[in-house]
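Dear colleague,

Please find below the structure that I am handing over to you. My notes on it follow directly after.

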Amino acid sequence: MPTSPVAADHAFEVWAPRPHRVRLWLDGATHSMVRGADDWWRITLPAEPGARYGYLLDDDETVLPDPRSPHQPDGVHGPSALIAESDAPRWSGRALRGAVVYELHIGTFTPEGTFDAAIERLPYLRDLGVGFVQVMPVNAFNGAHGWGYDGVGWFAVHEPYGGPSGLERFIAAAHRLGLGVLLDVVHNHLGPSGNYLGRFGPYESDGANPWGNTINLSGEGSAEVRRFLLDDIAWWLRRYGVDGLRLDAVHALVDHADRHILQDAAALTAELSVELGRPLALIAESDLNDPRLVTPAAHGGYGLAAQWNDDVHHAIHTIVSGERQGYYADFGSPECLATVLTEGFFHAGTYSSFRGRVHGQRIDPDRVAPSQLLAYTCTHDQVGNRARGDRPSAYLTAGQLAVRAALVLFSAFTPMLFMGEEWGARTPFRFFTSHPEPELARATAEGRTAEFAEHGWPPGEVPDPQDPDTFAVSHLDWSEPARPGHARLSATYRDLIALRHDPGLADDDLRTVGCDHPGEATWFAVHRGALTLLVNFSPAPVTAPFSGDEVLAWEPPSPQGATTTVPGHSFVVLRRGT
């Protein structure tokens, strides 16, 4: 008769300085744990992958999930589960700089909203020319669907997406196609439902940011909290084989220690890159316009690989769309666009009217390469944080969408697309939640309405995040790419991405980029190497003093000796000197 596998010994460990007694709950049985001088409680017992476990603190008989739980099969309030070691083949990786990044949300990327369904679309992304897939947060959060930024299980994978095994299959499939995988992770706060970490130790501080309490990075007990954060970074890079992490809103990481946690994170990632034998990247999201984030440690910086650059988005969006509300107020001129394309930041020690103060620092081109800045015209934030979640395709012409794409993809930066952007998706991407708790659901909806009321949006125009339809309408419509208008835009994206491999664009230095414009928002020229991108922001044709062989265009231009006439809402790429 076949014999059952023998469970191997497993070391259960949990840092818990606050309780006086900790017991391990393992598949229905409880076991006393031993407290060490370091406030870690430990016990070793036989256990197989899939075994359910959790912790009982003091005299409370409520089973709490492991703060480092790798799997929450019954949701964030249920017990944790062990997972097997990964047997996914490792790959040699690829460099981030200059590659095209594609941001997507697993829950709305496909009708099914799972890792396995997303795998079926990966060949499409490879053929588009994408180098990296950046996945919005997949760590465990309460409810069936949401953006993922209110996670409470930093080490666990959201079960409705497919859990740990689904993520493993997704990463393995991407690597087989030569696609790198970046995960969006949130270390600046914990979600409001399922956060039990405070029962164990001082994971949070008394401070707060717009999303919750700040993480305790420099107060009492912070050494283990810092370790918790760094171990989470190592977990995704080593255990799952992801190629990098996008660190959400690092400006909300309040750290008064002598050495900032981001410096430790960058150093750890560099060590792991050597250990694993492949490139690894940490990408910061920050609204500080602080080049220290990506300046090498040898030159006094934090040493992160890259950071998002909202100034590029704002400069392009405003000059094309004409919008000037809120933080767009200082943007919209051709001078502003020229500044971001040749210097990286617009606000670099300059006055920000939105903030009411001087903002940002200048980028030193000898220390920071333009490919360390991610440039984009669409992100989950810039679409989803509009009141109705409307995409640019809802209010711009196809030509204007093509102009936006050309400015990003022709730039010296590392370009990023948001899912569906490349075909001008008409489906919105709205802010959606599925909080099971009625009071939390009500507070989220009311907070969303109040937030947009401050910007002049009538309450009736702000979709209820809890309404199932808000989630449903945010799914991509995969019948759109084959339709004529969408297919043309998609083909243009493919051509622009392919153009990035032209030897004339190889220089990774902002000082090799030049811009010209007539002083008003009509035509605008970007020069890189032997190529010039000439765009027309106006609906009427304009003539610009540049000539050359046509390489790529949205609408056919009209060359006239030393000048070129560009149709309205169009662009052309010229090869000069021929």
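Two strands are said to pair if DSSP finds at least two bridges between them. Helices (H or I, at least four residues) and strands (E, at least two) are DSSP runs, numbered from the N terminus. The model is predicted: local features need pLDDT of at least 70, side-chain atom pairs count only at pLDDT 80 or more, and totals for chains, interfaces and linings use all residues. Residues are numbered from 1 along each chain as its sequence is written, and side-chain values use heavy atoms, with hydrogens and water left out.

In general, strands of a sheet pair through backbone hydrogen bonds, either parallel or antiparallel.

The second region comes from a record. An unreviewed UniProt entry lists residues 103-448 as "domain: Glycosyl hydrolase family 13 catalytic"; such positions are given in the numbering used here, feature names are shortened, and annotations may be inferred rather than shown by experiment. This span is 34% helix and 16% strand, and its end C-alpha atoms lie 24 Å apart.

How many residues of strand β21 (residues 414-418) are buried? Five of its five residues are buried, that is, under 20% relative accessible area with a 1.4 Å probe, protein chains only (exposed is over 50%, partly exposed in between). T414, M416 and F418 point one way from β21, whereas P415 and L417 point the other way. Strand β8 (residues 101-104) pairs with β21 in the parallel sense over three bridges, and E103 has F418 as its bridge partner there.

Finally, the chain as a whole has 14 helices and 29 strands. Its radius of gyration, taken over C-alpha atoms, is 25 Å, close to the 25 Å that the globule rule (2.2 Å times the number of residues to the power 0.38) gives for 578 residues, so the chain is as compact as a globular protein of that length. Of these 578 residues, 57% count as buried.

With kind regards
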